[in-house]
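Come along while I look up a few things.

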Amino acid sequence: MDYDVIIVGGGPAGLSASVYARRANLRTAVIEKLTFGGIITTTDLIENYLGFPAISGADFGKAIQEHAMKYEPDMIQAEVKRVSQIEGGFSVETDSGTYTSKTVIVASGAAPRKLNVPGEAELFGRGVSTCATCDGPFFAKKDVAVVGGGDSALSEGIYLSRLVNKIYLIHRRDQLRAEPILQQRFTGLPNVEFVWNSVVTRIEGEKRVTGVLVKNVKTGEERKIDVSAVFVYVGEVPQTDFVDVKKDDHGYIITDENMQSSVPGIFAAGDCRHSLSKQAIISAGEGALAAIAAQMLLEKRLIPQQNA
Ligand code: NAP
């Protein structure tokens, strides 16, 4: 076997797992398809990770990457295509080679969910975005739409409000889902107009976004709003297609209390795992526990539980 543990994903869960795995002297690889540090690196501001009262996503990503690298895991930039069981462990097939490992920790996170409306795919990168910190500066002093009522929509909306002229917050209900502190800050902004009980039915524009068509789900009334950009924050989809373990109806991996999946030797941690809440600090904790459990399994000190 090439490794004792292969960690799929280099966000807070995966990098935390790698710190614990390397400190246990496990031969460890972290395989990441995009950015080491994870999707949180695109967040404007993190305020709820204990020990960091206020840190940008970029700085946080850099800090956790540097911390993980101190213990010298193999950091492999590749996309995992398949995890399969083989004699004595697993084969992890990527777009640039296949690796073998005695255990696998799936910490592959989740990708932004799409609206799936006409214009979204065609205008993606030309006004349609899922990353305010990446694309927000292009729309300085313009009117933009933010879709969604969760933590992502509001925290990234707060960032955008400092750049743009006006934000239309389009939400399918008339109550926000985001944590209260974000709701208080967002509703206090001077340049926000709420478009309640409404869904986007079309994103308009030829070369660039020029507007959104929204439909009030209560009255059926349709209305066009002129905007230069649409920031979509309507939740996320777990990235777990490459592994056959028990999952919930949405594709999140179900584990036991030790982060072990229905397949002994495959663990899951972070945003790809079925859990009550997705937070970076929870992901880091789950990653640590998954690595400790993997170590105990390798030492034959962990008895797989049947409730996963
Ligand atoms: P989320 O919490 O799932 O919220 C998604 C929002 O989009 C909800 O308001 C939902 O409406 C709406 N929505 C879902 N599907 C839709 C559709 N097809 N059309 C229109 N609206 C739709 O997702 P998130 O905000 O991306 O957050 C993901 C996870 O990361 C959460 O667990 C969140 O707590 C966490 N997170 C935390 C922080 C933080 O701690 N500051 C920051 C970012 C993310 P309903 O409310 O009606 O369901």
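**Entry 1: a pair of strands.** How many bridges join strand β4 to strand β5, and do they run parallel or antiparallel? I am working with a predicted model here. I found that β4 (residues 80-86) and β5 (residues 89-94) run antiparallel and are joined by 6 bridges.

**Entry 2: an open sheet.** Next I traced a sheet of 5 strands, which is open and has parallel pairing. I wrote its order down as β8-β15-β9-β10-β11. Because β8 (128-129) and β11 (192-195) stand at the edges with a single partner strand each, one side of each has no neighbour in the sheet. Further in, I followed β9 (residues 143-147) and β10 (residues 166-170), a parallel pair with 5 bridges. Here Asp 143 has Lys 166 of β10 as its bridge partner. I also saw helix α4 (residues 151-161) packing on the sheet, where α4 touches β9, β10 and β15 (229-232). The direction of α4 makes about 165° with that of β10.

Entry 3: My last stop was the second largest pocket, with about 240 Å³ of space. It is lined by 13 residues, and those closest to its centre are Ser 16, Val 19, Tyr 49, His 67 and Ala 284. Helices α1 (12-23), α2 (57-69) and α6 (280-298) each give the lining at least two residues. Sorting the lining by class, I noted 11 nonpolar residues, 2 polar ones and no charged ones.

Note on methods: Residues numbered from 1 in each chain as written. Predicted model: local features only at pLDDT ≥ 70, side-chain atom pairs only at ≥ 80, totals over all residues. Heavy atoms only, no water. Pairing = 2+ DSSP bridges. Helix = DSSP H or I, 4+ residues; strand = E, 2+ residues; numbered from the N terminus. Contact = heavy atoms within 4.5 Å. Axes fitted to C-alpha atoms, helices over the stretch in contact; angles between N-to-C directions. 1 Å grid on protein atoms, 1.4 Å probe; cavity = no way out; pocket = protein on both sides within 12 Å on 5 of 7 lines; lining within 4 Å. Points joined across faces, edges and corners; volume = space filled by probe spheres on them. Nonpolar A, V, L, I, M, F, W, Y, C, P; charged D, E, K, R; others polar.
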